[in-house]
Amino acid sequence: MAQPQADVIRLRNFIGGQWVEAEAAGSDPVYNPATGEVIAQVPLSSAADVDRAVKAAAAAFDAWRETPVFKRARLMFRYKQVLEEHFEELAALITREHGKTLDEARAELERGIEVVEFAAGIPTLIMGKTLELVGTGVDAEMYRQPLGVCVGICPYNFPAMIPMWMFPLAIACGNTFVLKPSERTPLTATRLAELLEEAGVPAGVFNVVHGARETVDALLAHEEVRAVSFVGSQPVAAYIYRTAAAYGKRVQALAGAKNHMIVLPDADLDYTTEAIVASSFGSAGQRCMAGSVLVAQQDVADNILERLVDRSNRLKIGPGDQPGVEMGPLIRDQHRERVKGYIQIGEEEGARLIFDGRKAPVPERGFFLGPTIFDGANPDMRIAREEIFGPVLTTVRVKDVEEGIALINRSAYGNGAVIFTRSGAAARAFRRHAKAGMLGINVGVPAPVAVFPFTGWRNSFYGDLHANGEDAINFYTDRKVVTARWL
Ligand code: NAD
């Protein structure tokens, strides 16, 4: 075991097949957000640490790109098996460092493993195309070839799934990889690396370098890095996109969100209540697909809000590893203060606070905050426009579905939006006209799946090729077209 599971360890980087101490002296504490205890120290790797990792990845590239595609696929089959053998252990680790419930941890892990399954199909995914007779006696063919060293920079809220959107596909394509996990949830990524090592990844093909801002900047600037995959908050995504592009890298930067949920009077309200509570308060609202604005048609607004308040009153809040718990803590005390700050802003802006999470009974230890519901917000209020990333639901009342769609389309973000209705015509209008990339029809969280791209729009995404699906294969490869005439 590369990382001893003692109480407070300083994590090591994984470079060239070795677990090594970062040269940088600085580190950050990693907490169990359900107890407030420090469970590890994460090194804040320096440019020198980054250089070692990127050079190790660059050195491994030539041999890996020459490894037959079926062997690269087999690594993914073995990895899937190892991940499944360690499934419960990984889920417990996600809960321990993130705070989400075990069921939520299992769900993200399943979604992550689906990407590994998808990557195991690399022999067909990476196939090129041919066309005879593009001229007289002339044929053309297109190949996909790996880029070289690819980098992944991750947020804290899906410690397993988001790294797994990146490295399995990049590696299966024949690239080598340097992962920079979130400094707030680095333990799961470390374990994912140990398990990939167990599955037999060759030294240097996959590397982990822990750290924060300085580490990221060194990765963006490194001349041997070809492509950067980023997932995180909108301001940082915009910065990564600009900076990495200025260094000539290929970039995909998935950013923040403000997701709307339209409810029409013909919706199944029992089902819709459960779906909204799960979407808005699941993972304590810390999901980029979390529903955070309830767009209630005026004839159903009182009814749905009454149900939501009643359900929120009964929501079981506590440590994610306790049976029956439905909502865990926020990631840090500082983040909880920020979310509370938004509740105060909502009150000051004149929205009606109909359920106040600050007064909910929560465990004393840990970074807990109850669910909050506002009614009577207008679309210009900050609580209706800005990403809060906590369990706060803001309600805007509208007269019909068209006004609801128009509201979605005013948002600066376009990650996702959902509608609850039994009307095919309303659902079709929503599907056709809503300016967001991931839509749900009677689905509270239209979560990304491995075979489709995760298509955030507007300020929720910077770049051209998205994560997952065929987009990811194109992102992690160069296309080469050969035109040939044989005389
Ligand atoms: P974050 O932006 O704070 O951090 C993301 C990564 O960027 C981390 O690895 C961090 O070390 C690094 N980083 C932070 N500040 C930096 C800086 N100034 N310069 C360079 N690197 C920096 O995000 P977070 O709080 O960890 O994650 C939550 C955010 O991620 C939310 O906004 C959420 O919506 C978003 N998110 C988006 C998606 C999506 O698919 N669109 C998915 C998950 C999370």
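Here are some questions and answers about this predicted model and how its parts meet.

The model is predicted, with local features needing pLDDT of at least 70 and side-chain atom pairs counting only at pLDDT 80 or more, while totals for chains, interfaces and linings use all residues. Residues are numbered from 1 along each chain as its sequence is written, and side-chain values use heavy atoms, with hydrogens and water left out.

Q: How far apart do the C-alpha centres of domain 1 and domain 2 lie?
A: Domain 1 covers 2–255 + 460–485, and domain 2 covers 259–441. These bounds come from an automatic or database domain assignment. The C-alpha centres of the two domains are separated by 31 Å.

Q: What area do domain 1 and domain 2 bury between them?
A: The contact (heavy atoms within 4.5 Å) takes 23 residues from domain 1 and 25 residues from domain 2. Buried area is the accessible area (1.4 Å probe) that two parts lose on being put together, summed over both. Here 57% of it is on carbon and sulfur atoms, and the total is about 1,900 Å².

Q: Which three residues supply 25% of the area that domain 1 buries against domain 2?
A: No other three residues of domain 1 supply more of that area. The trio is Pro33, Tyr156 and Ser460.

Q: Which side chains meet in a salt bridge at 3.9 Å, N to O?
A: A salt bridge here is a side-chain nitrogen of Lys or Arg within 4 Å of a carboxyl oxygen of Asp or Glu. Across the interface of domain 1 and domain 2, the rule finds one. At 3.9 Å, the pair is Glu37 and Arg365.

Q: Which residue has a polar side-chain atom 2.6 Å from an oxygen atom of the ligand?
A: There are 28 residues around the ligand (a heavy atom within 4 Å), and Cys154, Glu183, Arg184, Ser233 and Glu387 come nearest. A polar side-chain atom of Lys180 lies 2.8 Å from a ligand oxygen, and for Arg184 the value is 2.7 Å. At 2.6 Å, the residue is Glu387.

Definitions and conventions:
A polar contact is a pair of N or O atoms within 3.5 Å; within protein, one must be able to donate a hydrogen and the other to accept it, and residues adjacent in sequence count only if both atoms are side-chain atoms.
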